[in-house]
Amino acid sequence: MFKSLTRLAFLVLVTAHFTGCGGGGGSDGAASSTAPTYTVTYEGNGSTGGSVPADTNKYAAGKTVTVLGNTGNLAKTGFSFAGWNTQADGNGTTYTPAQTFAMGSANVTLYAKWTTNPTYTVTYNGNGNTGGTIPTDAVHYETGQMASVLDNSGSLVKTGNDFAGWNTQADGSGTTYAASQTFAMGTANVTLYALWTANQLDPTFDGDGKVVDLTPNISKSASDVAVQTDGKILVAGNSTGPFLTRYNTDGTLDTTFGSSGSRDFSGVLAGKVTAIAIQPSDQKIVVAGYGDSGDLIVGRLAANGDPDMSFGLGSYQGIDLGTAYDTATAVTIQPDGGIVVVGFTGTNPDGNGVIAEDIALARLDANGALDTSFGTGGMVITGLAGSSDAAYAVAIQPDGAIVVAGSSEVNGTGNLDIVLLRYNSDGTLDNTFGTSGYGYETTDIGALDVGMSVVIQPSDHKIVVAGYSEMNGYAFVLARYNTDGSPDSNFGDTGVVTTAIKPFYNFALDLAIQSDGKLVAAGSVGDVDSITSSLTNQDFALARYNTNGTLDTTFGGDGMVVTDFGGESEAQAIAIKADGKIVAAGRVVTSGDSDVAIAVYTP
């Protein structure tokens, strides 16, 4: 009996043991299944671009989570990504990419954290303006954002100056920007100052120093300008026919001259008028040009604009050089009243269309008749070695010798060089002049060198030629010569000065000398059209030089003045008034029409 009870107890213990080890499938057994896991979700939190990263892992409590980076390039306009935060408002715990944390006992959402980008402003400053309003840019720019420069929409003005864009420095020494030009914003506010260039314009002349002849439906341009002893301004030019117009000192038309201020030469000069000169003795006006017949024509008017019927064949004289065509480019008056006109004459010697041009001179006496003591019957034709020779300017030395400037292919390179010739009073070349031994001197600067004007310095009788040269762009050129025609090494670089007011297009077309010996060159400057590579944004341009050839910085601040007439403009001629004021005349083209343009500058 005892053995039976012992065996029974053993069976009971064994049964209890196996039941406790899970073999029975009760409720206690279900409570011991796999531990719970949790997720990490990323949220763009207002992003405007990119995609949120995805973490596909499931984490048990206590497991290490490595925070993802901004792999989808999330972006939000005006903000920068600054990591992840456990709260959408950024007030929770912030994590940076690759940072770790221990998973808790709940799912986690990490919100993109955004910080507002700093922004900067562009402020415009009138920089001493005397009128107009300053433009306002209300945009706030982030670093790297492109800012577009505003134009002078408020018509800012400053007395005696022209608006020339905007500069990052008030003194103009910083970076200059034009309207619509762009720049990348940095990490600071930007102030752009109005850039002013002294225009030297005389406000007593039509209020702003400029006059434009807006004759309706007629294209007009000025070819030459001269000043009478009373300060009135004579402008010669061409439209439907050649004309001569006179302006009062205030810029108004002088209606006592000719017919309501102008004289039409259509009945006499049925071609072009190119040059004028005023006789010092009686203020009579000599005009030179060429007719449709191909001949040179010289005419003379009384000081009031009436034809001088005592001159030539009844106020004019035709000059036939006997070639295919003749062109007058300049005229001057000798002390004895003789009139010298220069230009060029063209022929087609072999009939194949190749034109050979030679320098041409003619001299008339004070009555308008050809002076037979000069050349052959009053005419001289000079052909140098090249096929293209032309004279564009003339001056008379105190001893009566005639100095002529122009261009020539004489050096045989196929390029044009500046040429300076001197003639004796009888029209023969002065073979003592220049280094050629034949009465001329050439100056080779670039591929295309043209002398457009010549003056003789009263103080020492040295000769100065102004024109232009092509040297990877066109530049103003001044060349000075000693009285024997040799280059003056004391002027500029071995006798030559070049000036580029703008990077590419700079043309000096006339030259005048002030009473103090300073030289003023006038012409035009322009930019390169980005599509056609042609000349554009063409404006009047003047440069003033000291007697040694350096730029006179008292003129325009740097020796140079550019005048914008609101269209494509160029100064063809220049004259100095008795009070030192400088007169430039030419044309301005707007909407396809050409108009006479005149500017008067203070000295």
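**View 1. His461 in the loop between β34 and β35.** In this predicted model, His461 is partly exposed, with a relative accessible area of 35%, where buried means under 20% relative accessible area, exposed over 50%, and partly exposed in between, for a 1.4 Å probe and protein chains only. His461 lies in the loop that joins β34 (448–456) and β35 (463–470); here helices (H or I, at least four residues) and strands (E, at least two) are DSSP runs, numbered from the N terminus. The phi of His461 is near 65°, a positive value in a residue other than glycine. Most residues other than glycine have a negative phi. Residues are numbered from 1 along each chain as its sequence is written. Because this is a predicted model, local features need pLDDT of at least 70 and side-chain atom pairs count only at pLDDT 80 or more, while totals for chains, interfaces and linings use all residues, and side-chain values use heavy atoms, with hydrogens and water left out.

**View 2. Pro97 and Ala98 in the loop between β6 and β7.** Pro97 is placed in the loop between β6 (94–95) and β7 (100–102), and Ala98 is found in that loop as well. Pro97 is partly exposed at a relative accessible area of 39%, whereas Ala98 is exposed at 58%. The phi of Ala98 is near 80°, a positive value in a residue other than glycine. Leaving aside neighbours within four places in sequence, Pro97 is in contact with Val67, Leu68 and Gly69, contact meaning heavy atoms within 4.5 Å. The C-alpha atoms of Pro97 and Gly69 are separated by 4.4 Å, although these residues are 28 residues apart along the chain.

**View 3. Ala393 in strand β30.** Ala393 is found in strand β30, which covers residues 389–396, and counts as buried at 5% relative accessibility. Not counting residues up to four places away in sequence, Ala393 touches Ala330, Val342, Val403, Val404, Ala405, Met452, Ser453 and Val454. Gly343 is 50 residues from Ala393 in sequence, with a C-alpha to C-alpha distance of 7.9 Å.

View 4. On a 1 Å grid over the protein atoms alone, a pocket is an open set of points where a 1.4 Å probe fits, with protein on both sides within 12 Å along at least five of seven lines, and lining residues have an atom within 4 Å of a point; grid points are joined across faces, edges and corners, and the volume is the space filled by probe spheres set on the points. The lining has 29 residues, of which Phe163, Ala164, Thr197, Lys502 and Val562 lie nearest the centre of the pocket. The elements that give two or more residues to this lining are β13 (161–167), β14 (176–177), β16 (190–198), β40 (535–545) and β41 (560–563), and the largest share, four residues, comes from β13.

**View 5. The chain around the close-ups.** The secondary structure of the chain comes to two helices and 44 strands. The radius of gyration is 43 Å, well over the 25 Å that the globule rule gives for 603 residues, so the chain is more spread out than a compact globule; this radius is taken over C-alpha atoms, and the rule is 2.2 Å times the number of residues to the power 0.38. Along its principal axes the C-alpha trace spans about 180 × 50 × 45 Å.
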